[in-house]
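Visitor: Please put the model on screen, and then take my questions one at a time.

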Amino acid sequence: MSDQPRRPRTSGKPYRRPKKDPVRILAFEALRAVDERDAYANLVLPPLLRKAREKEGPETFDTRDAALATELVYGTLRRQGTYDAVLSACVDRPLREVDPPVLDVLSLGAHQLLGTRIPTHAAVSATVELARVVLGDGRAKFVNAVLRKVAQHDLDGWLERVAPPYDADPEEHLAVVHSHPRWVVSALWDSLGGGRAGIEDLLRADNERPEVTLVARPGRATAEELLEEDAALPGHWSLYAVRLTEGGEPGAVAAVREGRAGVQDEGSQLVALALAGAPLDGPDRRWLDGCAGPGGKAALLGALAAQRGALLVASEKQTHRAGLVARALAGNPGPYQVIAADGTRPAWRPGSFDRVLVDVPCTGLGALRRRPEARWRRRPEDLEGFAPLQRGLLRTALESVRVGGVVGYATCSPHLAETRAVVADVLKQHPDTELLDARPLLPGVPDLGEGPDVQLWPHLHGTDAMYLALIRRTG
């Protein structure tokens, strides 16, 4: 008798080893990391792509493969809610009872069938081959059966079947069609102020791939220099912004590698520029970034402060993030100091600064284009966890600025509980303050509302949904 292991038989056909597809295996590994370790796709993907290039070689795993892997990961995460609704109609048990790795493979297949131009037969066969590699032959049969059901309709056909009519349940209709949790749809709708067109435009924008935006740090680089790069276009609003069109790689830009420029959303740039441009009563010598990590705004503020001979103090509570801030500020042309300190328990005397920025920790609902997995991780109760910290940081910022100085309260969330509610609550306790009109400090930017605060939007401004309130201390 032979000592060789017996190969499984399937319908009398000889056993065939599954073909390993490095693109889809990489996408599966990224989704598993997001699910198992609460990792962020934008942090997981780059090392996986590098590993694949090194293992397969640049000729086997080229830029088109990297682009497809990226699209599979981000597209699957963005449309997860929609695909879950479709898969629920194709699986004979609740999705929560399906093993997570199997569900990841099914979601990858659903995205290829419903969200890409990959032909149906290729999408099904490639996903079944992936299932054979990562799940085994038995579960690959289950994947094959489910995806053949998914392939019976296109996306519009499925949405007619799985989304309730808008008139019957507007929020649930939008949640399924645009793949956002219902509570997020409700919160964003409240922040926009009603109307179907606006919320649909915003939800669509959240599902689009954002451009990569660079910032030329004043005194160290110019937008003109960055525009000499391939696939570069001027920013929409910031004088220091340059957009990289599809295929542009920040790491290939010399100014980025040298720290003279960085990757920074244009909304984030506008917040820093507005604070730097706010009118002061008195001197303009000391600036504070009270929540400086990971360092993008601090680097821009530091460069702007240097042009005026002002000192920037960048404070960050977490030591490792303070290290990122120090790296971002390295080479700044003017004086700066990076400290690891709790912004609610300041390591400086009251009234020490002329300008203070606090870009507070938040739910991140304003950056769902860049971190699509965040929409599925956040819960309404998270707002209660952030609320005391946001109010504490703003109170400390107002105590840290001198009379006549200005505080900028910023957050990458448009949720009213994290924006206007925080500002209103804290200012009730600080009658010696006044809100400044931030809109004139964003020249050329349209659709800024009635003020005096500013809310930016992906669908209106092409930026993350950054919020900014400028507050002057009057006594």
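Visitor: Which residues line the largest cavity?
Guide: On a 1 Å grid over the protein atoms alone, a cavity is a set of points where a 1.4 Å probe fits but cannot get out, and a lining residue has an atom within 4 Å of a point. For the largest cavity, the lining consists of L288, G290, G343, W348, V356, V358, L393, T396, A397 and S400.

Visitor: What kind of model is this, and at what pLDDT do side-chain atom pairs count?
Guide: Residues are numbered from 1 along each chain as its sequence is written, and side-chain values use heavy atoms, with hydrogens and water left out. The model is predicted: totals for chains, interfaces and linings use all residues, local features need pLDDT of at least 70, and side-chain atom pairs count only at pLDDT 80 or more.

Visitor: What is the volume of the largest cavity?
Guide: Grid points are joined across faces, edges and corners, and a volume is the space filled by probe spheres set on the points. The count comes to one cavity of 30 Å³ or more. The volume of the largest cavity is about 50 Å³.

Visitor: Which element gives the most residues to that lining?
Guide: Elements are DSSP runs numbered from the N terminus, helices being H or I with at least four residues and strands E with at least two. Two or more lining residues of the largest cavity come from each of β8 (353-359) and α18 (382-400). With four residues, the element that gives the most is α18.

Visitor: How many residues of the lining are charged?
Guide: Asp, Glu, Lys and Arg count as charged; Ala, Val, Leu, Ile, Met, Phe, Trp, Tyr, Cys and Pro as nonpolar; and the others, Gly among them, as polar. The lining of the largest cavity divides into six nonpolar residues, four polar and, as for charged, none.

Visitor: Which residue does UniProt list for "active site", and is that residue buried or exposed?
Guide: The unreviewed UniProt entry lists C412 under that feature; such annotations may be inferred rather than shown by experiment, feature names are shortened, and positions follow the numbering used here. C412 is placed in the loop between β9 (401-411) and α19 (420-429). Buried means under 20% relative accessible area, exposed over 50% and partly exposed in between, with a 1.4 Å probe and protein chains only. At 16%, C412 is therefore buried.

Visitor: Which residues does C412 touch?
Guide: Contact means heavy atoms within 4.5 Å. Leaving out residues up to four places away in sequence, C412 touches D359, C362, G364, L365, G366, A367, D464, A465 and M466.

Visitor: How far is the C-alpha atom of G366 from that of T463?
Guide: G366 lies in the loop between β8 and α17 (374-377), and its relative accessible area of 1% is why it counts as buried. Beyond its neighbours within four places in sequence, G366 is in contact with C412, S413, P414, D464 and A465. G366 and T463 are 97 residues apart along the chain, and their C-alpha atoms are separated by 9.0 Å.

Visitor: Which side chain makes a polar contact with the side chain of D265?
Guide: D265 sits in the loop between β4 (261-263) and α14 (266-277) and is buried because its relative accessible area is 10%. A polar contact is a pair of N or O atoms within 3.5 Å; within protein, one must be able to donate a hydrogen and the other to accept it, and residues adjacent in sequence count only if both atoms are side-chain atoms. A polar atom of the D265 side chain lies 3.0 Å from the backbone nitrogen of D464. At 3.4 Å, the side-chain partner of D265 is R369.

Visitor: What distance separates the C-alpha atoms of D201 and D265?
Guide: D201 belongs to helix α11 (residues 196-206) and, at 38% relative accessibility, is therefore partly exposed. The D201 side chain makes a polar contact of 3.2 Å with the side chain of R204. D201 and D265 are 64 residues apart along the chain, with C-alpha atoms separated by 20 Å.

Visitor: Which residue caps the N-terminal end of α8?
Guide: The buried residues of helix α8 (residues 155-162) are G157, W158 and L159. These buried residues pack against α4 (80-90), α5 (100-114), α7 (137-150) and α9 (170-178). A side-chain oxygen lies 3.4 Å from the backbone nitrogen of D156, and the capping residue that carries this oxygen is D154.

Definitions and conventions. 1 Å grid on protein atoms, 1.4 Å probe; cavity = no way out; pocket = protein on both sides within 12 Å on 5 of 7 lines; lining within 4 Å.
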